[in-house]
Structures are given as structure tokens and as C-alpha cells.
Amino acid sequence: MKLVIFGAGGFIGSNLVDHLIADRTHTVVGMDIADDKLEGIEGPNFTFVKGDVRKSDRLVEELVRDSDVVVDLVAYANPSIYVDTPLDVFELNFLQNLKIVDLCVAHGKRLFQYSTSEVYGKPAGDAYVEDASDLILGPISKQRWIYACSKQLLERIIHAHGLRGDLVHTIVRPFNFVGPRFDYLVPAGATGGPRVFAHFMSALLTGGPMYLVDGGEQHRAFTHIQDCNEAFTILLESPEAKNEIFNIGNPETDISIFDLAALMKDIYRELTGKEADNELRVISGEEFYGSGYEDMDRVAPDISKLSALGWEPKRDLRTTFRDAIAFHLDPKVRASISG
Ligand code: UGA
């Protein structure tokens with residue numbers, strides 16, 4: 001099959017390209033504004049096209065037309081951006097993605113849409129089930145939710161096309177994927193910016209504080225990026241995945257952010273032989289991200305739907321963070337992804 005991946009240069013995209021081109025079954029074309037995370041990922045079955053989907057309508061259409069499967073990963077995914085520039089999030093994560101949906105409809109292409117676990121919103125309690133859980137978002141004054149709202153509406157439009165019979169699609173909802181090439185590093189003491197792994201990793205490298213937003217009592221369940229790549233292959237090959245939504249997550253890795261800071265310090269000591277004596281500094285969500293931030297207490301996946309297709313996450317919490325930290329301890333890697 002010939003796949004085109006929009007957003008191939010991001011964290012999920014670069015790891016997916018690396019995974020897909022390893023066996024020569026598929027041909028992959030990747031498009032993105034930057035290719036630094038793709039450094040060293042090469043093969044005769046991979047072509048990179050540099051460009052911004054927002055400014056390249058004709059090129060995007062050609063790439064869709066020339067492919068069998070379209071994988072759409074184009075999105076802002078850092079909460080600090082939802083708070084700072086909510087309209088940019090709507091324009092990229094909804095309007096631009098909608099154009100790709102429309103092109104898939106027009107050219108009869110199968111679409112893999114990467115959505116988000118954040119569409120489930122605020123309820124904390126039972127694990128989220130794709131076709132049963134309610135999607136509950138906070139007030140408009142908390143602009144963080146423009147991200148989940150944009151992604152949710154996009155999912156609803158894709159689903160409606162499936163019902164009308166003019167689009168074959170699969171929607172995936174990632175639950176806190178972690179691994180090599182994650183986000184970007186920040187200077188000591190920086191707030192906002194990337195997601196929690198990148199902040200804690202930066203703190204370990206600079207000796208700066210590890211911020212615990214609202215005390216770090218929130219929980220997340222993290223998923224090794226290689227487990228996610230394997231899930232993609234199964235979804236690509238399973239007829240049952242057509243016109244369905246799947247959580248990709250690991251329910252066994254649920255941890256509070258407070259405990260995550262301790263875990264990352266411990267793994268850092270194990271890998272480097274150096275003690276990590278970073279201060280754990282409690283900060284409010286408003287101070288860390290700005291006003292308009294609101295959080296989810298727990299984000300827990302139910303994965304029975306994907307497990308029924310033969311997938312299960314194989315890497316435990318420690319392995320997941322060990323692999324991600326080890327990657328970022330390589331100075332050459334660090335230099336290439338900073339900034
Ligand atoms: C983000 C995106 O908004 C989701 O769409 C996406 O699915 C998810 O990442 C993901 O990686 O899958 P979130 O889980 O809130 O959602 O991501 P983080 O920014 O990593 O925050 C996780 C928790 O850590 C939050 O409670 C946040 O307040 C906290 N945090 C973050 C800290 O305590 N300290 C930090 O330095 C950074």
C-alpha cells in the first residue's frame with residue numbers, strides 16, 4: 001500500500017514512519033513543516049516532502065490522490081497552545097483537518113484520523129469506552145477545551161461521512177504516548193511549553209525544578225510509542241477497523257504526576273549513576289499555563305475494542321519511561337531536538 005502521512009515530522013509521525021518503513025511492505029510519503037525528528041530515518045520506500053498544509057492546497061490534494069491510505073496527524077497537541085492561541089488550534093486542528101477529510105471523500109481514500117483521548121473531557125472514574133462514554137467539556141471561559149471540541153467535531157463529521165457511505169475511515173484516540181523524539185526540551189524553570197515528559201526530562205538535564213501543577217495529583221496512563229505503532233499496523237490490516245473508533249492506551253500504567261516525577265528521577269539515577277536532586281515545586285494551573293486552563297483528574301482507557309483485534313500493550317510503565325529517557329540522554333539527540 002502507499003500511505004501518505006501528514007504530520008510525519010512530529011513525535012508520533014516520525015516514530016510511525018520509522019516503524020512502517022522497516023519492513024518493505026508499504027511505501028510511505030511524509031509531509032511536514034520540519035524534518036529534524038526524521039533525521040536518520042530513511043529507506044527506499046520513504047519520501048519526505050517539506051511543506052505547510054496550511055499553504056499547500058494543491059500539493060496536499062496531489063498527495064492524497066496518489067495514495068491508498070491517508071494518515072492525518074496534523075495538530076497542535078500541547079495544552080499551553082490551547083490556552084495561549086485557541087484560534088490557531090481551531091484553524092489547524094479543525095479547519096485544516098477538515099480539508100483533508102474532504103479530499104479523502106472526493107478521491108475515495110481511506111482515512112486514519114489521529115484524534116485524542118482528550119475528547120472524553122472531564123469525567124474521572126470509569127475507564128473511557130469508545131462507543132459508550134459521554135464526552136464532557138468545561139465552560140467556554142476555559143479555552144483549553146477548544147482543542148477537545150475541535151477534535152470531537154472532526155470525529156463527528158468523519159463518522160457522518162461513514163454513515164453516508166462516502167468515506168472509509170478509522171479514528172484513533174491516543175492516551176499519552178511517550179517515547180523517543182517526544183516534544184522538545186525547555187530551559188530550567190520554564191513554564192507552559194511542551195507536555196509533562198518533556199518538562200521533567202528538561203529538568204533532569206538542567207537541574208531545574210520539576211513543576212507539579214496543582215500538586216501533581218492528576219493521573220495519566222502512559223503508552224509506549226512502539227505499542228502504538230504496533231496498534232496502527234493491526235488497524236491497517238483489520239477489516240473490522242473500518243469506520244470504527246479505537247482507544248490506544250495502556251490501562252496498567254496509570255500513575256499520578258507526583259509519582260511520575262519520582263519515577264523519572266529514579267530511572268535517571270539508574271541510567272546515569274547521578275542523583276537527581278531536582279526541587280519538586282507546586283504551582284497552580286493558572287500560573288503554569290495562564291488563565292483558561294483546566295485539567296482532567298484521570299485519563300484512563302478501556303482497550304477491549306482494540307484487544308479484540310489481537311493487540312495488547314507489551315511495555316510496562318518503567319520500560320516506557322526508561323526508553324524515552326535513554327533517548328534524550330544521548331547528547332547528539334538532545335542537540336537536534338532542543339528548541
Ligand atoms: C495532552 C493533550 O492535550 C492531549 O490531547 C493528548 O492526548 C495528551 O497530551 C497526550 O500526550 O496523549 P495532557 O495529558 O494534559 O494532554 O498532557 P500534559 O501536558 O503532558 O499534562 C499531563 C499532566 O501533567 C497535567 O495534569 C498537567 O497539568 C501536568 N503537568 C504538566 C505538570 O504537573 N508539570 C509539568 O511540568 C507539565
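This is a predicted model: local features need pLDDT of at least 70, side-chain atom pairs count only at pLDDT 80 or more; totals for chains, interfaces and linings use all residues.
Helices, here runs of at least four residues, and strands, of at least two, are DSSP runs numbered from the N terminus.

The shell holds 26 residues, and the closest are Tyr 82, Thr 116, Glu 118, Arg 220 and Asp 295. If you sort the shell by residue type, you find 16 nonpolar, five polar and five charged residues.

Several polar atoms of the protein come up to oxygen atoms of the ligand. For Glu 118, a polar side-chain atom lies 2.3 Å from a ligand oxygen, and for Tyr 82 the corresponding distance to a ligand oxygen is 2.6 Å. Val 196 takes part through its backbone instead: one of its N or O atoms is 2.8 Å from an oxygen of the ligand. How much of the ligand does the protein cover? On its own the ligand has 710 Å² of accessible area, and the protein covers 97% of it.

Two of the closest shell residues, Arg 220 and Asp 295, also meet each other, with a polar contact of 2.8 Å joining their side chains. Arg 220 is found in strand 9 (residues 219–221). Is this arginine buried or exposed? Its relative accessibility is 10%, and because buried means under 20%, it counts as buried. Leaving out residues up to four places away in sequence, Arg 220 touches Asn 176, Thr 253, Asp 254, Ile 255, Ile 257, Asp 295, Met 296, Asp 297 and Val 299.

Next, look at Asn 278, in the loop between helix 8 (257–272) and strand 13 (280–283). Asn 278 has a relative accessibility of 6%, so it too counts as buried. Which backbone oxygens does its side chain reach? One belongs to Ala 203, at 2.8 Å, and another to Gly 208, at 2.7 Å. Beyond four places in sequence, the residues that Asn 278 touches are Ala 203, Leu 204, Gly 207, Gly 208, Met 210 and Lys 265.

Val 71, apart from its neighbours within four places in sequence, is in contact with Leu 3, Val 4, Ile 5, Phe 6, Leu 16, Phe 112, Tyr 114 and Phe 232.

Most residues other than glycine have a negative phi. Arg 181, though not a glycine, has a positive phi of about 70°. Asp 183 is found in the loop between strand 7 and helix 6 as well, and it has a positive phi of about 40°, again without being a glycine. Arg 181 counts as buried at 11% relative accessibility, and Asp 183 is buried with a relative accessible area of 9%.

Terms used. Residues are numbered from 1 along each chain as its sequence is written. Side-chain values use heavy atoms; hydrogens and water are left out. Buried means under 20% relative accessible area, exposed over 50%, partly exposed in between (1.4 Å probe, protein chains only). A polar contact is a pair of N or O atoms within 3.5 Å; within protein, one must be able to donate a hydrogen and the other to accept it, and residues adjacent in sequence count only if both atoms are side-chain atoms. Contact means heavy atoms within 4.5 Å. A residue is near a molecule or strand if one of its heavy atoms lies within 4 Å of it. Accessible areas come from the Shrake-Rupley method with a 1.4 Å probe; for residues, only the protein chains shown count as cover. Ala, Val, Leu, Ile, Met, Phe, Trp, Tyr, Cys and Pro count as nonpolar, Asp, Glu, Lys and Arg as charged, and the others, Gly among them, as polar.
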